[in-house]
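Have a look at the structure first, then read on.

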Amino acid sequence: MRHILALVLLGGVFVMEGFDIAAMGIAVPRLEEALGLSPASFGWVFTGILVGLGVGGATVAPLGDRFGRRALIVTGCLATGLFTLATSTATTTTGFLLWRFLTGFALGACLPNVSALSSEIAPDRLRATVMAVVSAGIPLGLFIAGMVAPAVIGAWGWHGLFYVPGVFAVLLALVLWPVLDGGTPASATPKAEREAQRAAGAKLPQLMLFARPWLLPFAVFATMLGLNALNLYLLNSWLPTVLPQAGLTLDDAARVAGVANLAGLVIGIAASFVLDNWKKGPALMLLFGAMTASFLAIALTAPDQTRWTMLLMVGVGGANAGGMVLPGLAAHLFPARLLSSAVGMGVLVARLGAFAGPPLGAAMLAGQVPPAIFLGVAAIPAAACVLVALLVGPALKVKGRVEAEAAAAA
């Protein structure tokens, strides 16, 4: 029972992240009137949280593999709440950039350990599915933000978009501490791999990901994360700004974005179940192939709220589903002793792709690119993920080979 409660609360961390991601995107088109700040000037503000996520994920999150997950999760959640609340005090793009970077840094320290701990709690045969259900909090948070944004803004102005996730994160941190177990992960590094680490001079587990035998699995994992993150942040940053240019009201645009993100919850859980019970490469090709087709259809059709909502449910929902499914893939690619390091470093490397999303959107806005073409651009990273998925099969064989060699050497 305690494990179920822990998984529910860990899912709450992702709900908070999803609401926080949506909050900035929903706030931006309203800040021009409130503070005189042009939406096109926020490209680097959206990137700021990505930089923070990458830095926190690479430098702090791996400490969970050595010192335990609970401290990293609770501290990161508390810091996220405080920095999110501080975002509501910003009055310039520089101020927003600072607080979004710090929010991202705290999330980067926290989220890989949330994913790793949910994997360790889950039964082996349902690892990807449980991780997907937990991370389903992201599209759920995005949906909630889109649905409640008009009421929150009506009560507290744009500041309320940061009050809600900030207070929720602080309360969540206080509840998580007594529920989560302390201590380090149970899995110890096999003797053969410890000797390989010493021979390579690697004192940090994340360095092992850039050398054989883990280089191929990590390259496949991080590349797909990066391409999907580019779409995730391009779309969730700018959708509330782009859709009004296609004729929707600001409130309708927020709601359409929320519905599209909610679809990601269903798609993500279904895709993760398929990932656990079918061939993983073809499952991912099917997911990203459907995304590609939906964005191409948007690019080739005139704006229509009903049709575009259905297509965005597949495209934007698929991007959110990718964020749920890929950490589950990591649980199949890497042993538990490297999971936080793999997810943390994956977050950092993925940000090299994701960094391009918000500035790309800002550049297209400044260039007055039509909404259909703006959204159609998202087909390119989705199609690239289809190609990378062809390498998932060979990457999965590495873990089995390493475990067999370790067993033979024991």
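1. Asn320 sits in helix H13, which spans residues 305–333. Its relative accessibility is 2%, so it counts as buried, the cut-off being 20%. Beyond four places in sequence, Asn320 has contacts with Ile138, Pro139, Leu142, Leu232, Asn236, Asn261 and Gly264.

2. A word on confidence, as this is a predicted model. The protein chain has a mean pLDDT of 84, with 91% of its residues at 70 or more. Helix H17 (residues 379–388) has the highest mean, 95, while helix H9 (residues 191–200) has the lowest, 46. Residues 187–194 are below 50, although the model gives this stretch 14 contacts beyond near neighbours in sequence. Residues 196–202 also stay under 50, with five contacts beyond four places in sequence.

3. How many cavities of 30 Å³ or more does a search of the whole structure find? The count is three. The second largest cavity holds about 90 Å³. Its lining is made up of Asp20, Ile21, Met24, Val45, Phe46, Ile49, Arg100, Tyr233 and Ser237. By class, that lining has six nonpolar residues, one polar and two charged. Helix H1 (2–35), helix H2 (43–59) and helix H10 (215–245) each contribute at least two of the lining residues.

4. Phe46 belongs to helix H2 and has 4% relative accessibility, so it is buried. Leaving out neighbours within four places in sequence, Phe46 touches Met24, Gly25, Val28, Ser237, Trp238 and Pro358. From Phe46 to Pro359 the C-alpha separation is 8.1 Å, across 313 residues of sequence.

5. What about the nonpolar packing? In soluble globular proteins, nonpolar side chains tend to be buried together. Here the largest nonpolar core has 118 residues, and Phe42, Leu176, Trp238, Leu284 and Phe334 have the most contacts inside it. Trp238 is also one of the contacts of Phe46. Leu284, for its part, is in contact with Met224, Leu275, Val325, Leu326, Leu329, Ala389 and Val392, setting aside neighbours within four places in sequence.

6. Back to helix H17, where Ala382 is found. Is Ala382 buried or exposed? With a relative accessible area of 1%, Ala382 is buried. Not counting residues up to four places away in sequence, Ala382 touches Asn231, Phe288, Met291 and Thr292.

7. Last, a backbone angle to check. Most residues other than glycine have a negative phi, and most peptide bonds are trans. Gln368, however, has a positive phi, near 55°. Where does Gln368 lie? Gln368 is in the loop between helix H15 (357–366) and helix H16 (371–376). The relative accessible area of Gln368 is 70%, so this residue is exposed.

How values were computed:
Residues are numbered from 1 along each chain as its sequence is written. This is a predicted model: local features need pLDDT of at least 70, side-chain atom pairs count only at pLDDT 80 or more; totals for chains, interfaces and linings use all residues. Side-chain values use heavy atoms; hydrogens and water are left out. pLDDT is the predictor's confidence in each residue, from 0 to 100. Helices (H or I, at least four residues) and strands (E, at least two) are DSSP runs, numbered from the N terminus. Contact means heavy atoms within 4.5 Å. Buried means under 20% relative accessible area, exposed over 50%, partly exposed in between (1.4 Å probe, protein chains only). On a 1 Å grid over the protein atoms alone, a cavity is a set of points where a 1.4 Å probe fits but cannot get out, and a pocket is an open set with protein on both sides within 12 Å along at least five of seven lines; lining residues have an atom within 4 Å of a point. Grid points are joined across faces, edges and corners, and a volume is the space filled by probe spheres set on the points. Ala, Val, Leu, Ile, Met, Phe, Trp, Tyr, Cys and Pro count as nonpolar, Asp, Glu, Lys and Arg as charged, and the others, Gly among them, as polar. A nonpolar core is a set of buried Ala, Val, Leu, Ile, Met, Phe, Trp, Tyr and Cys residues joined through side-chain atoms within 4.5 Å.
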